[in-house]
Amino acid sequence: MNAAKRAVNDLTLAEPAQVRSDAAVFQALVTSPEARERLAHLSDRGLQTPGALERDLGSAVAEFHH
């Protein structure tokens, strides 16, 4: 069983260096002025609280105009 799990992980999991690189890119993008503006707008409309915005987040993001 452990050998099978290890084989699947070896085939499907990213290398730690790749995970760190992706995390650095994500961090740079999410802290950009544009992303911060979108997050503030969405937070004002109810981001991360139960409701319509969370149920249809894709539409709310698409409707954002800066």
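Trainee: Which residue just after α3 takes a positive phi?

Mentor: This is a predicted model, where local features need pLDDT of at least 70, side-chain atom pairs count only at pLDDT 80 or more, and totals for chains, interfaces and linings use all residues. Residues are numbered from 1 along each chain as its sequence is written, and side-chain values use heavy atoms, with hydrogens and water left out. Helices are DSSP runs of H or I with at least four residues, strands are E runs of at least two, and both are numbered from the N terminus. Just after α3, with a phi of about 115°, sits Gly-46.

Trainee: Is Gln-48 buried or exposed?

Mentor: Gln-48 is in the loop between α3 (33–44) and α4 (52–55), and has a positive phi of about 65° although it is not a glycine. Buried means under 20% relative accessible area, exposed over 50%, and partly exposed in between (1.4 Å probe, protein chains only). At a relative accessible area of 73%, Gln-48 is exposed.

Trainee: And Ser-32, buried or exposed?

Mentor: Ser-32 lies in the loop between α2 (16–30) and α3. Its C-alpha is 43 Å from that of Ala-3, 29 residues apart along the chain. With 18% relative accessibility, Ser-32 counts as buried.

Trainee: What is the radius of gyration of the protein?

Mentor: The protein has 5 helices and 0 strands. The radius is taken over C-alpha atoms, and the globule rule is 2.2 Å times the number of residues to the power 0.38. That rule gives 11 Å for 66 residues, and the protein is well over it, so it is more spread out than a compact globule, with a radius of gyration of 18 Å.
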